[in-house]
Structures are given as C-alpha cells and as structure tokens.
Amino acid sequence: MSRTLTAELPALVGKRVLIEGWMHTMRSFPDFSFLVIRDRSGQAQVILEEGPELQRLRGLQNESVLRIEGDVVAEERSPIGVDVRNPSITVLAPVTEVGPFELNKKVLKPSLDVFLNHAPYGLRHPSKVATFRVMSTLLSAYREFLVGQDFTEISTPKIVGAATEGGANVFAVEYFDRHAYLAQSPQLYKQIMVGVFERVFEVGHAFRAEEHYTSRHLNEYCSLDLEMGFIRSQQDVMDVLAGVISAMVDAIHERNPREVEMLKIELPLGHSFPEITFRAGQQLILDRYGENRFHEPDLSPQDERRLGEWAKEEHGSDFLFVTHYPTVKRPFYAYPDPDDPEHSETFDLIFRGVELVTGGRRINDYEQLVASMEARGVDPQPFGGFLEAFRYGMPPEGGFAVGSERFLARLMNADNIRETTLFPRDVGRLTP
RNA sequence: GGUCCCGUGGUGUAGCCUGGUUUAACAUGCCACCCUGUCAAGGUGGAGAUCGCCGGUUCAAAUCCGGUCGGGACCGCCA
C-alpha cells in the first residue's frame, strides 16, 4: 500500500489507507486514545482502542516516527472531519528520550538561545515550519519573476582572492598555500556577468566578519542579488526592484494563506514605493523632529525608522526609497550624479523602518572606474578580472541586493533576524 | 569596539530592591492513577533545581558586593 498524506484523508472516507509521520501528541482516555500524527501536509488523529497496538507505543515519546494503516472514518468531532480507526502500527523510528521543549503547543516557549541550541529539533514546530515555507516562497517568487523578465540566474564563487570593496571585514580562509576570503557579496562578479547576459540575478550567501551585536545582522546571510545593463538611470533598477518585491509579497498571499494566518503576517499588499532623496530625508527629520542631521553622511537606524513612519503616514506605504546618498559613503563603483557629484545614483529601500535593499547605478566607464578606485585609495591591481569586463565595453548598468532573512523578519514582525534564519551564524554561534 | 539589562527543576517564569517561617513558588513537560471525543483536554498524586561559576561581606546569601562565563537590547556598521 502506498503512502497517503494526512491532508488527503478527508477525501478518502471509507478507504483503508497508510499514513506515515511523527507522533505529535497523544491524549489518553480509559478505553481509547487520540494519537495525532504529523506529516509534511498537516496532522490527523488516529483512534487507538485498548489492545496490542496501543501497547506497541508504550514507552515511546513524541516525535517517534510511525507508519499506520487504518480506516478513514467520517467524524464531525474531529478537527479535520475524519478519524483513522482500527490502526495497525509499525514503529519506523522509536524515540524514548523526552525532547528539550514542547513542540505540540501553539506557541514555542523556549528563549531564542535555547531554541537555536536545539534547532534540529525545534524547527519541527509548526510555526517554524510555516516560517520557512514562507521563506521558500520568497526565494521561488524572486526567481520566477526575474526569469519572466528575461534575467539569467548565475552562481558566483564564494571563495575569492580579494576583498570585494577593499574593506577589512572579511573572513580569511586558508586556500592551499595561499590566503583567500569568503565573499562579502557577489557584487563584482554579477557586474562582470552583465557583460555576458545583460540581466542577471543570484540567490547566494554573503559573509561579513563584522562584530555586530544587533537583532538585524548575521555574519552569513542569503542575499538576493540582481544586476542589469542598458539602463537609463537608477530608476530602471528601482522599477525592477519594486516589481519583484511586489511579486514576492503576492506569491505569499496566494500560496501561503495558512502560514500567513498562523504567523499573523500582515502583508504589504498593493503598496506604492514612494521616493525621497537623502537630502530631503534629512530636511524632513529637521522639520518633524527638530534634529539637524545635515552634517551626517548617512542615515542612522533611528532616522530610517522615522522616515519609514513618515512614508506610512504620508503615503500609506510600508516601503520608502531613499535616493542619492553622499558619494563618499558609497563604494568605488557607485555612479556619481553628473549634476551633483557629491551625491550618487544609489538608493536604499526601507521596509518597515529597516534597510532592506541597497542598490544603484554603477560606473560603467573604465577610465572613470579606475579613477574612482584610486581616489579612494583602492589598489586596482587585485581587481584585474573585474576591470577587464569594463575595458571591453560595459553598458550603463546597475543593480541591488535584498537581505532575504531581513525581509522575512520584517514581514512577520519578528523580534530578531535569527528567528527567520534556519541556522544563524553570529559572533557567538557556529553550531548547530 | 561602546552603553545598558538578564542568568532560579527539561522549558518558561515568580521570589532578589527591603538578607533569616522558603522543606525555593507557579505554569508546562515527564511518571502513576482517575476520567467514553479530546483537539493548548481535564482531575489527583509523584519525581525533578545545592538558584551559571568563583570569591567576598555577614551569625546567616537565590537575595548584598567584586570578578568571571553565558545570553539579550541599543549604538557603530550594514542587507
């Protein structure tokens, strides 16, 4: 007999079926017990009468893996409208050890630290399953939308010979008889690939050796990157970003209604993507909060929260593009606004008060690119491969990077980005 | 790297300020028994913690002080 998923049972009343899954919980009465089986599709309850089948479960704890053959019986009192009766049980994987915390309660109780220490066990909780199903949808929808826009998916190396932006915050790794680094971002490679495919995207991990102790940073995160050529301005990039973000949100709405309800996700459906320049943003903070931020070359987290509130109030949007950041605060490849070289064609997308995306137009002229590197004291020597792409003709181009864990964290209003990361890597955590 | 907060049975908390009636409390989980439809099942009972660790103050420390280890929040930095 082949396996039936629990979600299919309501359509199989009167049939004898075989289900397999984990013992989620068991509630006992004098003459019978309710055994709840959990599989990837949901849960079903099995009615166990007193007898050898119940005896077979003696001493077994929750999470034991069972195969159960039984009759599907219509039952109004059952949560899914049917029960499985007259079961014949095979224990596929017995568990005799009690788990570190409860998986069969509606809310997960352990603190984040305890949870993460037992992630292989804890991730089975229905709320975590739902969380990472939504993540899966985010990634799928990102890919599907961009493929539909004629983008090509690429996969670039994560072991690199030079730090992407000449920064210090890279992890060094031994590479045979040399030193190498873990890529901080696919930035340079995706730009190179614009010369090949025009439009590329990548779903890959980025590594940052920064010792940040915050609820929104990881030392390894999954970056949703994109780069595209033949643009007129950064606006073209921003338009694609708004499109793909909307598509991702729509996909969750369509594909994960159960998860949205369970996690109480408030989706930013039908939102606009208002824009404000960096300067205007600072002016706004002066006007609304009386704080003069004009001497600052960047926005603080508090500034971003305040601008996010403004966007919500004035434009009814959870999103806000902040554009034209000071050129000095941006990397060497950022494209200075020809009319105002102190500011660059770069943007951040703020989502619910947090930086979700950074992007912009890049310098595509070879001479200008080398000059920009030298002006910042970046030695062009290690970037030979990168520069080669520009020596042989690079169209006007730009792109962005979305932090996937951060997106999901803001979507479901998580307190900490580690809640939306399967196995987070931070300063103190390398296992599991 | 800076500032601030928290470590009490497996898990989550109360107790700490104002040291001593505390055999360290409650919920949940576990074990046993009771209960004919539970669905965060219910009831009764039981086991389970030398209060992160080290030192100090004191007649007396979970409680006060110092150090240390672990965790968290915010800032810097970023996605």
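1. Buried means under 20% relative accessible area, exposed means over 50%, and partly exposed lies in between (1.4 Å probe, protein chains only). By this scale Ile159 is partly exposed, at 47% relative accessible area. Ile159 belongs to strand S7 (residues 159–160); strands (E, at least two residues) and helices (H or I, at least four) are DSSP runs numbered from the N terminus.

2. This is a predicted model, in which local features need pLDDT of at least 70 and side-chain atom pairs count only at pLDDT 80 or more, while totals for chains, interfaces and linings use all residues. Residues are numbered from 1 along each chain as its sequence is written, chains are lettered from A and ligands numbered from 1 in the order in which they are written, and side-chain values use heavy atoms, with hydrogens and water left out.

3. S17 gives the most, with four residues.

4. Individual side chains approach several parts of RNA strand B. A polar side-chain atom of Gln45 is 2.7 Å from a base oxygen, and one of Ser215 is 2.9 Å from a phosphate oxygen. For Arg208, a side-chain N or O atom lies 3.1 Å from a sugar or linking oxygen.

Conventions
Polar contact = N/O pair within 3.5 Å; in protein donor to acceptor, adjacent residues only side chain to side chain.
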